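Morning, everyone. Please bring the structure up on your screens, and I'll walk through it.

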Amino acid sequence: MSDHDQAQVHCVLSSKEFSSGAHPVWCPGCGDFGVLAALERGLAKHGRLPHEVVLVSGIGCSSRLPGYMSTYGFHGVHGRALAVASGLKLARPDLEVISVGGDGDGYSIGGNHFIHACRRNIDMLYVVMDNRVYGMTKGQPSPTTEPDWNCDIAPGGIGLRQFNPLAVAITAGANFVARGFSGDPNGLADMIVEGLRWPGFAFIEVMSPCITFRPEQTAWKKQVRPATPSIEPNRAAAAAAALTDNDLSIGVLYRGERAPIAPPAQPQITIGDIEQKFVVGV
Amino acid sequence: MTAGAVFLRAAAHAGYYGLMTQLFGAQVRGGESAALVQIATGPIESPPDCFDIFVALDWEKVEQFAAEIPLDETSVVIADPHAGAIPAAIAKARPRTVSLAMNERQVEKHDNRAGERRVNMVAAGAVAALAGVNVADVRAAIEAIFSGKEAALVAVNIKSAAIGAAAAVGLTINMRLDPPKGAPRWLISGNQAAALGALRGGVRFVGCYPITPATDLVEWLAPHLKKLGGQLVLGEDELAAINMSLGASYGGVPAMTVTSGPGLSLMTETLGLAVAAEIPLVLIDVMRAGPSTGIASKTEQSDVNLAIYGAHGDAPRVVLAPISVADCLTTTEYAVYVAESLQLPVIVLSDQTLGQATTVIDPAIKRPTPLKRRANGVANEKPFKRYALAGEPVTPMPAPGTPGFAWVAEGLTHNEVGLPASGAGAHVAQINKRAKKIQRFDPGVYWGESWGNGEVALLAFGSTIGPAREAARRLAMNGHQIKVIALRVLSPLPMEALARALARVRRVIVVEQNHGAQLYHHLIGRKAIPPSAESVARPGPLPFRPSEIASYVT
């Protein structure tokens with residue numbers, strides 16, 4: 001695998017080459033299996049070799065994903081995946097950097113980094129596996145949980161307005177914003193390829209059911225439907241669409257034209273030049 | 001502030017050594033401030049007990065600075081008669097007072113900006129003349145500081161300084177220094193020196209967030225790093241700053257973050273990650289007075305505990321402290337090499353007194369031997385064991401993009417491959433692996449420095465070393481032989497080097513600028529100093545004066 005040169009890549013990579021073979025900790029039937037499969041298929045289709053790809057995650061069920069792939073990975077602390085990924089991509093623009101995680105990791109503890117990653121518009125992909133619950137800690141409401149969802153920590157429901165990640169991403173400056181569904185790994189794989197190839201910060205919010213704490217989410221399979229096919233190139237209109245849709249439409253909501261951050265320039269000076277500025281006296 | 005900078009640079013241009021610290025009020029922009037300048041024929045590393053000359057451009061809110069500008073009966077206060085009576089806070093030291101009209105319209109005003117600056121330059125010119133610095137050096141300093149400004153403004157400033165120098169001739173004040181031994185030297189601040197040290201060490205990525213008194217370090221770095229082909233990124237908060245730096249370092253680019261106490265508190269979570277995932281990182285903490293937001297612009301040495309122990313779990317790291325303003329350069333360069341070679345975070349504990357002091361140094365500073373990251377793995381090892389337990393505790397960490405070695409940097413307890421593991425075996429083994437890196441770390445000559453041979457030793461770190469050395473010099477003149485031990489490596493403690501330094505010492509006095517005697521307890525706890533050791537610990541923001549330390553010793 002590692003001996004293939006770039007010219008051969010497009011015809012020889014298979015999704016299996018992106019699997020580490022490690023057994024996921026996820027519950028049988030977890031939506032994240034579909035996202036893992038979609039990432040493997042999408043990356044095989046995209047054509048970058050596994051060692052040229054880095055998956056960066058935070059903490060939570062879905063953040064375990066980097067260990068299940070054969071790429072490089074970074075499993076950091078809770079909520080900081082986008083900051084790690086941003087530093088990595090800025091320092092190593094030659095790498096394909098993908099950040100992955102869950103709704104609690106990305107929208108709650110990592111919410112500030114999410115906003116500023118959209119603003120910064122670094123050329124990378126962010127995939128959130130949103131199951132509207134904290135699964136690893138056994139079922140607490142996340143920012144995307146419905147206000148009336150009953151649970152131990154918030155009897156009768158948390159009573160808060162749901163966070164709208166798509167609207168936030170579009171208004172904060174993300175360059176590619178889409179919603180996918182883990183129950184459609186092939187469609188999601190295509191969406192991942194498109195996000196990887198679109199310049200700037202690409203964000204894909206994936207509906208990924210938690211069958212253990214949110215078993216009612218298995219009904220999403222019947223409820224999802226394609227988003228309005230007309231792609232919104234207008235940020236304000238796309239934001240309006242994100243605010244008015246009912247969280248069940250699948251597709252690309254926005255493709256922007258913002259230029260991503262340019263890679264660092266070649267050195268123009270030496271450290272000796274800098275040192276000369278301190279010289280004083282005879 | 002500009003007057004102080006002109007005087008310092010003029011003295012440096014003439015061949016003197018010098019040191020300037022600055023005091024600011026709580027204003028956001030403009031307002032009252034003071035520049036404290038010392039010049040001498042030899043290097044200066046300590047604040048004085050008293051200042052010889054105090055020049056008042058006005059007396060507004062001077063009370064807030066009085067404690068930081070010690071004066072006595074031998075001091076001279078030069079004040080403009082238009083500024084009014086000398087306030088009690090200054091007059092109580094009973095200094096000699098001299099009137100000098102600096103605020104009169106001796107210079108034709110070209111515009112308001114030129115007019116504003118004129119008074120400062122009259123003062124700078126007068127003080128320079130009193131010290132024996134000639135007009136040509138003052139002129140050179142003004143041209144350097146105002147380079148890029150309009151010619152008329154520069155001319156007005158030069159003319160104003162000349163007027164001040166002429167006026168000084170009429171003053172009966174004798175404070176001329178001996179002629180200097182001139183040589184090409186550097187005029188540099190501690191923060192600039194630390195930044196340059198990082199660049200020399202190979203740092204090419206800096207993630208940061210604004211915080212006083214560390215901001216001027218990264219502001220100086222930003223354009224230079226860019227021209228060197230590196231990057232400085234302003235994060236959305238300190239959490240982003242350190243995680244961005246860690247991401248860049250994981251990518252193979254030596255990286256650093258820069259902060260002060262409140263930022264370090266936020267960054268401790270990721271310090272633990274850097275320890276667990278074994279990723280090199282340099283963190284400069286320019287300490288300020290705490291806890292909480294404390295005093296943003298003033299100094300203290302109270303982050304010792306946080307730097308050495310901050311983070312949950314067993315998270316050993318290396319903590320260094322510069323031993324002078326100039327040594328910010330050496331210590332930070334060394335910090336990069338230690339971080340890269342041991343694959344762990346290294347904290348450089350600077351402080352506001354070191355960082356924001358501008359000083360004249362001899363540039364021929366000894367440079368540490370470069371150490372590199374161990375990057376190459378064993379070919380065809382399947383799977384690649386990033387956290388291998390057999391062999392050396394520092395294991396290869398190939399950069400992403402290297403074929404055949406894909407690995408996951410893991411903050412969870414992990415096995416040799418890097419996959420999460422919750423069993424006792426992997427947990428204990430990996431903790432031992434990381435501990436072993438620290439145990440094997442030998443700083444050699446970089447452990448610290450010591451001067452003198454007395455049976456009484458002053459043990460200090462950071463900005464406390466300067467006044468401790470000055471105290472020892474004065475005590476030596478009175479027949480007391482005092483040894484001064486400056487600790488550069490605060491953790492892990494250089495036990496053998498310390499034992500050697502303390503071999504003939506009967507009385508150890510640990511001097512530090514915090515209330516809790518943090519370094520003292522660290523040294524006692526590690527049995528690096530005897531139980532009889534004494535502690536001189538008090539909080540900032542006032543710097544230690546040599547006389548304060550000397551009077552404790554005797």
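I start where the chains meet. Strand β2 (residues 72-75) of chain A pairs with strand β14 (residues 408-410) of chain B, in the parallel sense, over three bridges. Pairing here needs at least two DSSP bridges between two strands. Within this pair, Phe74(A) has Ala409(B) in β14(B) as its bridge partner.

Some ground rules. This is a predicted model: local features need pLDDT of at least 70, side-chain atom pairs count only at pLDDT 80 or more, and totals for chains, interfaces and linings use all residues. Residues are numbered from 1 along each chain as its sequence is written, while chains are lettered from A and ligands numbered from 1 in the order in which they are written. Helices (H or I, at least four residues) and strands (E, at least two) are DSSP runs, numbered from the N terminus.

Next, the whole contact. How many residues does each chain bring? Chain B puts in 55 residues and chain A 44 residues. Contact is C-beta to C-beta, within 7 Å, with those atoms placed from the backbone. On the chain B side, helix α9 (residues 238-250) gives the most, with nine residues. By type, that side of chain B holds 28 nonpolar, 19 polar and eight charged residues. For the classes: Ala, Val, Leu, Ile, Met, Phe, Trp, Tyr, Cys and Pro are nonpolar, Asp, Glu, Lys and Arg are charged, and the others, Gly among them, are polar.

Five strands form an open, antiparallel sheet, in the order β9(A)-β6(B)-β13(B)-β1(B)-β2(B). Which strands sit at the edges? They are β9 (279-280) of chain A and β2 (33-40) of chain B, each pairing on one side only. Further in, strand β6 (residues 185-189) and strand β13 (residues 358-361) of chain B run antiparallel, joined by four bridges. There, Trp186(B) has Ile361(B) in β13(B) as its bridge partner. Helix α1 (residues 2-14) of chain B lies across β9 of chain A together with β1 (17-24), β2, β6 and β13 of chain B. Its direction is at about 10° to β2(B). Angles run from 0 to 180 degrees between N-to-C directions, with axes fitted to C-alpha atoms, for helices over the stretch in contact.

On to a second sheet, this one in chain B. Five strands form an open sheet, ordered β15-β17-β16-β19-β20, with mixed pairing. β15 (448-451) and β20 (534-537) of chain B are at the edges with a single partner strand each, so one side of each has no neighbour in the sheet. Neighbouring strands are turned by 20° against each other on average, direction ignored.

Look at strand β16 (residues 456-460) of chain B. Is it buried or exposed? Five of its five residues are buried, so the strand is largely enclosed by the rest of the structure. Buried means 20 or more other C-beta atoms within 10 Å of a residue's own; exposed means 12 or fewer, partly exposed is in between, and C-beta atoms are placed from the backbone. Both faces are covered: Val456(B), Leu458(B) and Ala460(B) on one side, Ala457(B) and Leu459(B) on the other.

What flanks β16(B)? Five bridges join it, in parallel, to strand β17 (residues 482-487) of chain B. In that pair, Leu458(B) stands opposite Val484(B). Five bridges also join β16(B), again in parallel, to strand β19 (residues 507-512) of chain B. Here Ala457(B) has Val508(B) as its bridge partner.

β16(B), helix α15 (residues 465-477) of chain B and β17(B) make a right-handed β-α-β unit. Right-handed means that, with the strands pointing away from the viewer, the path from the first strand over the helix to the second runs clockwise.

At the other end, β19(B) and β20(B) pair in the parallel sense over four bridges. Val510(B) stands opposite Ser535(B) in β20(B). Helix α17 (residues 518-525) of chain B packs on the sheet, touching β19 and β20 of chain B, and its direction makes about 140° with that of β19(B).

Chain A has 10 helices and nine strands. Of its 282 residues, 52% count as buried. Chain B has 18 helices and 20 strands. Of its 554 residues, 53% count as buried.

Technical notes:
Two residues are in contact if their C-beta atoms, placed from the backbone, lie within 7 Å.
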